[in-house]
Amino acid sequence: MSINKQLMRLIQCEYLRLEEETGVIRTGSKEIERQLQQLPAEQAIVERANRLLSITEKNSLQAPSRHSRQLSIALLGFFGILGGLATVEVFSGVEQASANFFWILLALLGVNAISMFIWLLLIGWPNPADQNDSWLMSIQAWLSRKSSQDTSALRAWQQAISTTGGQQWHLSVISHGLWLAFLSGTLVMAWLLLSMRQFDFVWETTILSGDAFVSISQWLATLPSLLGIQLPTASHVMVSRVGESPQDPDELRILWSNLLLSSLAIYGLLPRAMALLFAIFARRHHWNNVLPDVSTPYYYQLKMRLSPDTVAEGIVDDDAETCHQTHNFSASNTATIAKLQQLDDVCLAGLEYDGEWPPALSAIGLDDLAPIMFSVNAIDRSSREQLLSEAGNNSIRNIVLIARFEAAPDRGIIRLIRQLNSKPATLWLLLIQHRSQPTSQQWHDWLSAATDAQLPQQQVGRLNIGIGNDGA
């Protein structure tokens with residue numbers, strides 16, 4: 001396996017993740033995180049791992065690649081020998097040196113053709129759920145463990161490859177490479193057998209006509225004929241039937257041998273080689289774009305440390321009425337809050353919301369939001385069922401669900417969010433924060449709950465409300 005630079009960066013991140021999840025904290029990590037806060041989150045995570053790992057650890061992470069290359073060479077040689085032995089077995093069934101051409105060709109290329117067809121189906125309709133349990137990947141992992149001494153580095157490799165989503169192309173490269181070695185052994189052994197033994201190629205049938213075999217032979221000869229190879233003509237095919245006596249058997253043997261070898265090369269090796277190159281380029285393209293998944297708990301917490309929340313003030317109560325309080329609002333996700341202000345056909349709903357319901361829009365910093373209706377505040381089982389019933393109203397295009405940021409999103413809350421998210425209207429979750437110094441774990445818990453409820457994190461916003469007197 002060649003070392004892809006972008007993949008290697010992800011492997012370094014995974015290696016560090018496996019270490020830090022066991023409780024090991026690197027010295028100087030906080031200072032490095034402070035220095036990288038100006039970079040984009042994914043780039044900062046990658047650079048952090050690169051700085052924290054020593055040269056020795058980076059070299060150890062390259063060891064699985066070297067072991068994989070050695071293992072690949074051994075497997076390619078084994079499958080090449082296996083292809084040669086399979087060819088010997090096919091020709092050993094020939095009786096009295098009279099070989100049924102079409103039966104031998106089917107025996108040598110039939111399974112390969114079926115395998116190629118299945119691969120094309122899997123490419124068209126991939127099933128990622130089955131890829132992690134692939135028997136081919138399991139065998140490679142087992143053999144790699146036998147040849148590798150650094151289990152942590154090997155786990156980092158396996159985790160990086162299995163979580164990038166490009167495992168399909170990695171498995172394709174392995175499969176096509178092994179098949180190419182097998183077919184190469186088949187072609188070489190077929191050439192050796194035809195060079196050292198004499199075979200009279202014939203064909204026979206009980207229910208098919210001779211014209212059918214002539215058509216098949218001419219179809220097989222279409223591509224090899226473009227290379228100027230001498231191949232059997234229609235008359236040669238007819239005299240090769242069992243029971244016929246050809247006038248020049250030596251020439252006929254050469255023509256059929258040419259067709260057999262050229263068919264193995266053009267219809268067997270060439271498609272596999274093209275599929276292998278395609279899979280290699282697809283894998284390389286995918287690995288060139290891999291980045292740490294910041295939606296997972298470890299990387300999300302790391303992202304929060306590398307890019308701390310910024311608070312931007314400026315949403316102010318503009319009520320014309322005379323009041324003795326000024327409401328200052330700050331949003332940790334200003335992009336989401338701005339989207340909420342532009343929504344139409346909105347239903348405002350509550351999720352165990354504290355205070356009077358429905359709330360005044362100015363009290364929660366959404367003066368410009370004009371919902372067409374207020375729904376219930378879901379505080380018990382009956383009110384939750386009522387909310388789910390009203391959420392199915394076809395006239396509602398957006399549902400803004402207001403919840404307390406300080407509340408813990410338990411399984412009941414996650415289930416309700418998932419049920420609301422399944423409605424035709426678009427669901428938005430607005431977390432109202434009353435505490436001045438929230439913990440990053442609370443924000444992470446809510447984002448994790450939204451992920452569990454299949455609600456995109458772009459539809460989750462947090463609003464910090466601070467209330468103070470103007471002195472009037």
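## Aromatic pairs

Twelve aromatic pairs occur in this structure, which is a predicted model. In one of them, the ring centres of Phe-101 and Trp-256 lie 4.7 Å apart with the planes at 50°, so this pair is tilted. Phe-101 belongs to helix H5 (residues 101-124) and Trp-256 to helix H13 (residues 249-287); the pair therefore links distant parts of the chain, 155 residues apart. Phe-101 and Trp-256 are both buried.

Trp-256 also pairs with Phe-102: the ring centres are 6.3 Å apart and the planes stand at 80°, so the pair is edge-to-face. This pair, too, joins distant parts of the chain, with Phe-102 in helix H5 and Trp-256 in helix H13, 154 residues apart. Phe-102 is buried, as is Trp-256. Ring pairs connect Phe-101, Phe-102 and Trp-256 with Phe-201, Trp-203 and Phe-213 in a cluster.

## The chain as a whole

The chain has 472 residues, of which 45% count as buried. Its secondary structure consists of 18 helices and nine strands. Taking the contacts between residues at least 6 apart in sequence, 80% join residues at least 24 apart.

## Helices H1 and H4

Helix H1 spans residues 5-20, and helix H4 spans residues 55-92. The two pack at an angle of about 110°, and their axes are 11 Å apart. An angle from 65 to 115 degrees counts as roughly perpendicular, and H1 and H4 are therefore roughly perpendicular to each other. The crossing of H1 past H4 is right-handed.

On the H1 side, the contact is made by Met-8, Ile-11, Gln-12, Tyr-15 and Glu-19. These meet Glu-57, Lys-58, Leu-61 and Gln-62 of H4. By class, the residues of this contact are four nonpolar, two polar and three charged.

## Leu-16 in helix H1

Leu-16 also sits in helix H1. With a relative accessible area of 1%, Leu-16 is buried, because the cut-off for buried is under 20%. Apart from neighbours within four places in sequence, Leu-16 contacts Arg-26, Arg-48, Ala-49, Leu-52, Leu-53 and Tyr-298. The C-alpha atoms of Leu-16 and Asn-50 are 9.6 Å apart in space, while the two residues are 34 residues apart in sequence.

## Ser-172 in helix H9

Ser-172 is placed in helix H9 (residues 167-196). Its relative accessibility is 4%, so Ser-172 counts as buried. Leaving out neighbours within four places in sequence, the residues in contact with Ser-172 are Trp-119, Ile-123 and Ala-279.

## Helices H16 and H17

Helix H16 (residues 381-391) packs with helix H17 (residues 411-421) at an angle of about 15°, the axes being 10 Å apart. Angles under 35 degrees count as roughly parallel, which makes H16 roughly parallel to H17. H16 passes H17 in a right-handed crossing.

From H16, the residues in the contact are Arg-384, Leu-387, Leu-388 and Ala-391. From H17, they are Gly-412, Ile-413, Leu-416, Gln-419 and Leu-420. Sorted by class, the residues of this contact are six nonpolar, two polar and one charged.

Conventions
Residues are numbered from 1 along each chain as its sequence is written. This is a predicted model: local features need pLDDT of at least 70, side-chain atom pairs count only at pLDDT 80 or more; totals for chains, interfaces and linings use all residues. Side-chain values use heavy atoms; hydrogens and water are left out. Rings of Phe, Tyr and Trp (its six-membered ring) pair if their centres lie within 6.5 Å; planes under 30 degrees apart count as stacked, over 60 as edge-to-face and the rest as tilted. Helices (H or I, at least four residues) and strands (E, at least two) are DSSP runs, numbered from the N terminus. Buried means under 20% relative accessible area, exposed over 50%, partly exposed in between (1.4 Å probe, protein chains only). Axes are lines fitted to C-alpha atoms, for helices over the stretch in contact, and angles run from 0 to 180 degrees between N-to-C directions. Angles under 35 degrees count as roughly parallel, over 145 as roughly antiparallel, 65 to 115 as roughly perpendicular and the rest as oblique. A crossing is left-handed if the near helix is turned anticlockwise from the far one by less than a right angle, and right-handed if clockwise. Contact means heavy atoms within 4.5 Å. Ala, Val, Leu, Ile, Met, Phe, Trp, Tyr, Cys and Pro count as nonpolar, Asp, Glu, Lys and Arg as charged, and the others, Gly among them, as polar.
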